[in-house]
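Here's a quick tour of a protein model, with an eye on its fold and its charged side chains. Have the structure open as you read.

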Amino acid sequence: MAFDIEMIKALYARFPERIAAARKVVNKPLTLTEKILYTHLAEGDAAKAYSRGVDYVDFNPDRVAMQDATAQMALLQFMQAGRPKVAVPSTVHCDHLIQAKEGSAPDLSQAVSGNKEVYDFLASVSDKYGIGFWKPGAGIIHQIVLENYAFPGGMMIGTDSHTVNAGGLGMVAIGVGGADACDVMAGLAWELKFPKLIGVKLTGKLNGWVSSKDVILKVAGILTVKGGTGAIVEYFGEGAVSMSATGKGTICNMGAEIGATTSTFGYDESMDRYLRATERADVADAANAIKEHLTGDPEVYANPELYFDQVIEINLDELEPYINGPFTPDLATPISKMKEAAAANGWPTKVEVGLIGSCTNSSYEDISRSVSLAKQVADKNLKAKAEFTITPGSEQIRFTIERDGFIDIFNKIGAEVFSNACGPCIGMWARTGAEKKEKNTIVHSFNRNFAARQDGNPNTYAFVASPEITTALAIAGDLTFNPLTDYLTNENGEQVMLEAPTGDELPRNGFAVEDAGFQAPAEDGSQVQIAVSPTSDRLQLLAPFAAWEGVDLKGLKLLIKAKGKCTTDHISMAGPWLKYRGHLDNISNNMLIGAINFANDTANSVKNQLTGEYAAVPAVQRAYKAAGIGSIVVGDENYGEGSSREHAAMEPRHLGVRAVLVKSFARIHETNLKKQGMLGLTFANKEDYNKILEDDVIDITGLTTFAPGQPLTVVLNHADGSSEEILANHTYNAQQIEWFKAGGALNIIRAQVA
């Protein structure tokens with residue numbers, strides 16, 4: 001039986017009535033996205049139609065999911081809220097703190113001992129507040145959610161940008177910061193600007209070497225890393241229906257890389273099959289009873305241009321495999337064009353490592369199709385030319401593929417099986433030799449490939465492909481190898497071709513697992529004690545941020561003018577810094593150390609205006625804080641792209657940065673700044689970015705009359721004594737302005753409880 005089945009049934013019981021109310025006010029057929037949004041309005045039945053991209057709307061999500069790196073800060077905030085128990089079903093998943101180094105067993109053992117303090121904290125907080133706890137080794141949050149919690153028509157938020165993976169089972173699942181999760185767990189509504197809608201019509205059917213991963217790789221090339229910002233992507237058409245539920249999950253998962261709020265698919269037979277295979281027949285039965293409400297109206301899909309803000313059409317019959325990268329997930333190259341692209345760009349073509357798995361591509365179907373290729377290595381007397389690793393998404397997947405002999409086949413080509421955790425995908429990979437910073441190429445089936453993301457080496461050219469193509473390129477050892485057309489030379493000197501991959505959507509003998517790794521919370525957690533040592537370097541209880549002083553901000557020092565791409569990885573690096581995710585002061589020592597300073601084209605080197613000397617960004621900011629001086633960060637386009645990590649907002653807040661002024665924001669990061677009481681502003685004229693000088697002292701005026709839709713004035717006081725004024729826009733609504741005035745949204749929650 002499914003978790004929280006009564007909650008699901010109660011939601012479904014309201015669906016017909018709420019959709020009828022929505023259809024009445026919208027006065028036209030509804031997309032699936034609209035149905036889910038309108039059935040989750042905090043106000044209940046819809047009383048008005050909301051304007052896409054304009055109206056801020058309060059929603060009541062059905063559940064919250066948190067991974068261990070972000071859960072620490074989310075739960076530290078929740079502990080301040082004064083609530084005895086979470087208001088909605090919530091879970092914690094221990095998947096981010098396990099390093100991939102020696103192999104599954106030793107790596108897990110090292111993580112359990114090395115992170116004991118953090119795991120004990122998360123387990124005890126979960127126990128106390130009624131939160132389901134998935135132990136280290138259980139698997140990656142998004143795979144666990146798909147296997148156990150995701151359900152058609154539901155709404156979920158999660159403290160990880162790839163929460164969107166649950167769209168594979170027809171959810172609207174959205175990545176958020178811990179402050180948003182804290183609000184929902186505390187019983188408050190969750191606010192989101194009503195999204196625009198992008199429709200992707202899929203015709204034809206996947207075949208041969210092409211997989212669902214190639215769909216999102218192509219879409220990323222079309223929309224780029226910010227083309228989906230402020231929008232939900234809804235996939236439909238015969239091609240969508242023909243895909244597996246886990247294939248749909250892959251597409252939704254990597255939708256985070258186009259900046260989309262989330263992505264989703266309508267309920268169909270593939271979801272029914274997956275729910276039953278994962279022992280949730282009760283959910284499937286309940287969904288089937290209202291299935292017409294769990295997909296878009298027929299009129300919508302017949303004439304999508306009338307109902308979506310943008311429509312993309314992809315013929316799966318004509319789609320070919322894609323390889324995206326390096327250094328950005330939207331640089332899409334069809335495999336037939338890779339040879340010329342690599343030559344034109346000087347990309348190293350020798351593939352050193354192929355990596356499959358992760359939350360994006362670790363389904364049984366993915367692994368079975370890859371193993372069909374690995375089996376051909378022995379059958380065709382080949383030898384794999386590159387290293388090869390597998391990261392299972394869950395213990396259920398790992399146990400099942402081991403039972404079915406897949407791991408033995410992979411071992412025969414020299415594969416390394418890592419723990420059921422994020423590992424190399426998020427930079428938790430102790431790759432031998434990475435410290436030499438040598439130029440090299442890797443191919444993986446993960447979702448992100450920013451510079452230094454996987455192994456810490458900025459000279460690693462990381463390319464994203466399907467598990468099948470990743471496996472083929474690892475066998476060939478050559479980025480330019482096209483398995484659709486090219487031959488390989490086997491150990492006998494014979495020319496052989498790899499046959500197209502085959503595999504099963506679901507295991508023929510069902511899924512199996514001995515210990516899934518779940519720990520249920522105490523029925524009554526009131527007596528559970530949570531201990532945090534005051535001398536701990538891993539955990540630190542939070543103190544409330546100070547409220548706004550009630551005056552304009554003047555005399556702000558320019559901390560850094562970031563040049564080019566500045567993701568949350570640049571603002572708050574992962575990798576070795578993950579261990580400090582529960583200690584705000586310690587992790588603040590990584591603040592903006594990856595951002596490139598416009599003044600000197602160097603990372604982690606900014607001018608201290610108090611001394612005139614250059615130093616590390618956190619050190620300079622701590623000097624300003626000690627002197628009681630505020631500062632400002634200036635950024636480029638899509639600032640804060642990438643992970644949902646709220647540390648990228650909390651660290652500047654903690655160290656005394658007062659405002660972030662950029663050309664444009666990524667959605668989650670802008671929200672995180674607002675939640676923490678920060679000023680997130682955008683240039684009214686993007687060319688004004690060029691007016692910011694290294695020695696500027698900056699004033700922000702108009703705050704005493706801070707109001708929705710009214711720009712603020714930014715005064716640039718230059719070192720030569722001159723000054724000039726520019727305008728800065730913002731997207732704060734009335735409620736968000738109150739967050740700013742109070743010093744953060746959590747301060748308002750605490751005051752309400754008190």
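## Overall fold

What share of the contacts in the protein with a separation of 6 or more comes from residues 24 or more positions apart? That share is 75%. Keep in mind that this is a predicted model.

The protein has 25 helices and 32 strands. The C-alpha trace spans about 75 × 60 × 55 Å along the principal axes.

## Burial and surface

Of the 754 residues, 64% count as buried. Carbon and sulfur atoms hold 49% of the accessible surface, which comes to about 25700 Å².

## Charges and salt bridges

On the charge side, there are 68 positive and 90 negative side chains, with the centres of the two sets 2 Å apart. Searching the whole structure turns up 35 salt bridges.

One of them pairs K675 with D183, with the closest N and O atoms 2.2 Å apart. This pair ties together distant parts of the chain, since K675 sits in helix α23 and D183 in helix α7, 492 residues apart. K675 is buried at 5% relative accessible area, and D183 is buried too, at 7%.

D272 and R276 make a salt bridge at 2.9 Å, N to O. Both lie in helix α11, 4 residues apart, or about one turn of the helix. D272 counts as buried at 16%, whereas R276 is partly exposed at 35%.

D688 and K691 form another, at 3.1 Å between the closest N and O atoms. Here D688 is buried at 7% and K691 partly exposed at 32%. Finally, R23, K35 and D297 are linked in a salt-bridge network.

How values were computed:
Residues numbered from 1 in each chain as written. Predicted model: local features only at pLDDT ≥ 70, side-chain atom pairs only at ≥ 80, totals over all residues. Heavy atoms only, no water. Helix = DSSP H or I, 4+ residues; strand = E, 2+ residues; numbered from the N terminus. Buried < 20%, exposed > 50% of the residue type's maximum accessible area, 1.4 Å probe, protein only. Contact = heavy atoms within 4.5 Å. Areas by Shrake-Rupley, 256 points an atom, 1.4 Å probe, with all protein chains shown as cover. Lys, Arg positive; Asp, Glu negative; His and termini not counted. Charge placed at Lys NZ, Arg CZ, Asp CG, Glu CD. Salt bridge = Lys/Arg side-chain N within 4 Å of Asp/Glu carboxyl O.
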